[in-house]
Amino acid sequence: MKIFITGGAGYIGSHTCVELLNAGYEVVVYDNLSNSSPQALQRVEKITGKSVQFIQGDIRDETVTTEAIQGCDGVIHFAGLKAVGESVAKPLDYYENNVYGTLCLLRAMQSNNIKTIVFSSSATVYGDPEYLPFDEIHPLRTTNPYGQTKLVIEEILRDLYKSDTSWKIMILRYFNPVGAHESGLIGEDPQGLPNNLMPFVAQVAIGRRESLNVFGDDYDTHDGTGVRDYIHVMDLASGHLKALEALTFPQCTAINLGSGIGYSVLDLVNAFIKATDKPIPFIITPRREGDIAEFYADPTLAKNLLGWSAQRNLDQMCRDTWNFQSQNPQGYV
Ligand code: NAD
Ligand code: UFG
């Protein structure tokens, strides 16, 4: 089986390539490298001892995508922009890249009669919790353009399936991906100031940042700081493999990929210090606009439909993050 992986040079995509190659799939990575390095793919080859076919291209270019995708049996669609704050400042870029890009990809798939797709959605589609944990029937509404693009794409996929019930569609709603491959060869390498907690903590540990800003300690949570469901990127990668394997029959299914456990910012900082023996100086600052106090997944459906559950704990997430960061102090150079 040959799988077309859009955004496959990125953080989650590169780890998923490892999982797929180890399981015997062939992969074709299609990425415009706007937020990634070709080095990640060389390292995927080093880890697996298998080759990755790489095509530098943009999902918004339907003609090129239609040609590149020829001969593939299915698609895992990671490509897109993902920074919430940036999406508020540049909504048109987000709608163009994520929504228009996905439309072009789906048309390229249709032209080649490829009807199997696993799509990267996000827990952000649930918005402010009406109840917790989030299960897949929680109402959907988002609070920022990035989340809106994910929700619109989900709706496009549901409408597509209604129009042609031979499609095999899996929508995966990720919670908070962190960690790195255990080799330390691939990991998360954000450009500029990290938006997310774990890469920021890792950059403080390596000395690239002086201290962490903890965004608010007055939330209604066990220690006042924000609570999230962190999920090891290799668990996420295995979730994609399970999702592909579950697409043996037509469907359009949305599934949470999370651990079901909520940890606060301070829980994560303390776990990182314990796992790495590195000090993490931090200061409490005002809340970040748009942040939700607490959310975590109900992962039951993933267990029932995919036979998947998260295997790696917070300690391992911290150790593997540090392993990548300490071996690659400046990321992929
Ligand atoms: P990433 O930025 O590391 O990877 C995305 C990849 O897509 C990059 O390699 C980038 O170069 C590529 N890309 C972007 N626009 C493209 C285009 N128009 N054509 C071709 N390639 C393009 O991000 P990631 O963390 O690996 O996220 C992967 C997917 O998962 C994204 O769709 C993201 O929205 C989603 N997601 C991520 C998180 C998270 O916290 N990391 C959480 C939920 C969902
Ligand atoms: N936080 C800090 N300091 C930082 C960064 C984050 O205190 O420097 C706090 C946040 O306030 C929040 C928690 O750490 O309480 C996690 O924040 P992240 O930015 O790491 O993650 P978010 O939950 O805000 O969002 C991430 C992705 C979204 C995605 C969501 C669910 O950025 O795109 O997970 O998948 F939608």
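At the start of α2, which backbone nitrogen does a side-chain oxygen of Ser37 reach? The first legend answers this for a predicted model.

**View 1. The start and end of helix α2.**
The backbone nitrogen is that of Gln39: a side-chain oxygen of Ser37 comes to within 2.9 Å of it at the start of α2. The helix spans residues 38-48. Gly49 follows α2. The phi of Gly49 is positive, near 70°.

**View 2. The buried side of α2 and its cover.**
Six names mark the buried residues of α2: Gln39, Ala40, Leu41, Arg43, Val44 and Thr48. An α-helix has 3.6 residues a turn, so residues three or four places apart point the same way.

**View 3. The largest nonpolar core.**
This core holds 41 residues. Leu20, Val118, Met170, Leu172 and Leu257 have the most contacts inside it. Helix α8 gives the most, seven residues. In soluble globular proteins, nonpolar side chains tend to be buried together.

Neighbours within four places in sequence are left aside here. Leu20 is then in contact with Ile3, Ile5, Tyr25, Val27, Ile76, Leu241 and Leu244. A second core is separate and has 24 residues. Among its members are Leu105, Ile156, Ile169 and Ala254.

**View 4. Asp31 in strand β2.**
Asp31 sits in β2. Is Asp31 buried or exposed? Asp31 counts as buried because its relative accessible area is 7%, under the 20% limit. A polar atom of the Asp31 side chain lies 2.6 Å from the backbone nitrogen of Leu33. Residues up to four places away in sequence are not counted in the next list. Asp31 touches Gly7, Gly8, Ala9 and Gly10, along with Ser36. It also touches Phe54, Ile55, Gln56 and Gly57. Arg287 is 256 residues from Asp31 in sequence. In space the two are 35 Å apart, C-alpha to C-alpha.

**View 5. The surroundings of ligand 1.**
Around ligand 1 are 27 residues. Asp31, Asn35, Ser36, Lys82 and Tyr146 come nearest. An N or O atom in the side chain of Asn97 is 2.8 Å from a nitrogen atom of ligand 1. On its own, ligand 1 has 820 Å² of accessible area, and the protein covers 96% of that. The shell divides into ten nonpolar, twelve polar and five charged residues. α1, β5 (116-122) and α6 (145-163) each supply at least two residues. The largest share comes from β5, with three residues.

**View 6. The surroundings of ligand 2.**
Ligand 2 is surrounded by 23 residues. Ser122, Phe175, Asn213, Arg228 and Asp291 are the closest. Arg228 places a polar side-chain atom 2.6 Å from an oxygen atom of ligand 2. A polar backbone atom of Asn213 is 2.7 Å from a nitrogen atom of ligand 2. A polar backbone atom of Leu197 is 2.9 Å from an oxygen atom of ligand 2. The protein covers 90% of the 680 Å² of accessible area that ligand 2 has on its own. Strand β8 (residues 212-215) gives the largest share of the shell, four residues. By class, the shell has twelve nonpolar, seven polar and four charged residues.

**View 7. Asp235 in helix α8.**
Asp235 belongs to α8. Why does Asp235 count as buried? Its relative accessible area is 1%, and the limit for buried is under 20%. A polar atom of the Asp235 side chain is 2.9 Å from the backbone nitrogen of Gln311. Not counting residues up to four places away in sequence, Asp235 touches Trp308, Ala310, Gln311 and Arg312.

Terms used:
Residues are numbered from 1 along each chain as its sequence is written. Chains are lettered from A and ligands numbered from 1 in the order in which they are written. This is a predicted model: local features need pLDDT of at least 70, side-chain atom pairs count only at pLDDT 80 or more; totals for chains, interfaces and linings use all residues. Side-chain values use heavy atoms; hydrogens and water are left out. Buried means under 20% relative accessible area, exposed over 50%, partly exposed in between (1.4 Å probe, protein chains only). A polar contact is a pair of N or O atoms within 3.5 Å; within protein, one must be able to donate a hydrogen and the other to accept it, and residues adjacent in sequence count only if both atoms are side-chain atoms. A nonpolar core is a set of buried Ala, Val, Leu, Ile, Met, Phe, Trp, Tyr and Cys residues joined through side-chain atoms within 4.5 Å. Contact means heavy atoms within 4.5 Å. A residue is near a molecule or strand if one of its heavy atoms lies within 4 Å of it. Accessible areas come from the Shrake-Rupley method with a 1.4 Å probe; for residues, only the protein chains shown count as cover. Ala, Val, Leu, Ile, Met, Phe, Trp, Tyr, Cys and Pro count as nonpolar, Asp, Glu, Lys and Arg as charged, and the others, Gly among them, as polar.
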